[in-house]
Amino acid sequence: MRLNINDSEHLDSPNESDIQRSVEHLGREEFLVLSSEAGYFVQTYHNSDGSFALEHRLGSSEQHYLVDSSLITVDDVQRAFRLFLRQSADLLSLLDWQPLSLVEDVQRVDEAPQIPVDALVEYHGVLMAADWPQEIEDAQEIRNYLMHGQRLSRVPLSAHVGAGEPAGLCQECGVQRAQFHVPGCRHEQCPRCQGTLVECSCQIDVD
Ligand SMILES: [Zn+2]
Ligand SMILES: [Zn+2]
């Protein structure tokens with residue numbers, strides 16, 4: 001069992017009075033983490049408004065729980081840390097724990113920007129969604145892919161592809177000749193096998 005006090009002090013095998021004292025003396029904007037092994041911990045953050053954030057993780061992000069700060073007091077934090085120290089299952093019933101994944105999903109829905117579906121702009125002489133030109137600009141910054149350990153230059157929209165189209169644009173993502181496709185475009189050629197990037201079996205490594 002290990003107690004991390006705001007990354008400034010670490011106690012191995014803390015006892016109950018260490019825990020009690022550390023919670024009592026926890027300054028605002030400081031945190032405490034009590035962990036038993038990697039991924040298993042209870043942690044608190046003393047918010048600037050004086051309330052406490054409290055989280056409990058049991059090995060994975062699917063089993064990461066938190067409580068509403070407005071519903072708990074410093075005594076609840078003390079109790080939660082003591083129960084974790086004893087590895088008591090009562091910790092789970094002590095408070096109204098909410099899965100972190102659920103809380104994040106709710107926030108994601110609430111915070112999703114409202115994009116008007118009819119917002120169109122003219123770019124390269126064609127109409128497209130208002131946020132798409134930025135996607136095209138961003139795509140030009142990605143000049144190569146790391147694939148199977150090899151760094152390979154991306155294949156831009158070539159002169160012959162789309163010949164005959166008045167604007168000479170990619171029919172899928174709207175880039176001009178010599179520009180790179182917006183990643184995910186089904187007309188982008190794979191630099192590794194020369195097949196269609198979204199369909200071939202090559203993998204892009206995460207770099
Ligand atoms: Zn394209
Ligand atoms: Zn490929």
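Residues are numbered from 1 along each chain as its sequence is written, and chains are lettered from A and ligands numbered from 1 in the order in which they are written. Because the model is predicted, local features need pLDDT of at least 70 and side-chain atom pairs count only at pLDDT 80 or more, while totals for chains, interfaces and linings use all residues.

The pLDDT (the predictor's confidence in each residue, from 0 to 100) averages 86 over the protein chain, and 87% of the residues score at least 70. Helices (H or I, at least four residues) and strands (E, at least two) are DSSP runs, numbered from the N terminus.

The open sheet has 7 strands in the order 2-1-3-4-5-6-7, with antiparallel pairing; two strands pair if DSSP finds at least two bridges between them. Strand 2 (9-12) and strand 7 (98-99) are at the edges with a single partner strand each, so one side of each has no neighbour in the sheet. Strand 5 (residues 52-58) and strand 6 (residues 64-67) run antiparallel and are joined by 4 bridges. R57 stands opposite H64 in strand 6.

Helix 1 (residues 16-24) has I19, S22 and V23 as its buried residues. Their arc around the axis, taken from the directions from the axis to the C-beta atoms, is only 95°, which puts them on the same side of helix 1. A residue is buried if 20 or more other C-beta atoms (placed from the backbone) lie within 10 Å of its own, exposed if 12 or fewer, and partly exposed in between. The buried residues of helix 1 pack against strand 1 (2-5), strand 3 (31-37) and helix 2 (74-85); contact means C-beta atoms, placed from the backbone, within 7 Å. The face turned away from the buried side carries the exposed residues S17, R21 and E24. E24 counts as exposed because it has 10 C-beta neighbours inside 10 Å.

A nonpolar core is a set of buried Ala, Val, Leu, Ile, Met, Phe, Trp, Tyr and Cys residues joined through C-beta atoms within 7 Å. The largest has 19 residues, and L34, V77, A80, F81 and F84 have the most contacts inside it. Helix 2 gives the largest share of this core, 5 residues. F84 touches L34, V42 and L91, not counting residues up to four places away in sequence. A second, separate core of 9 residues includes I136, C173, V175 and V182.

Terms used: Contact = placed C-beta atoms within 7 Å.
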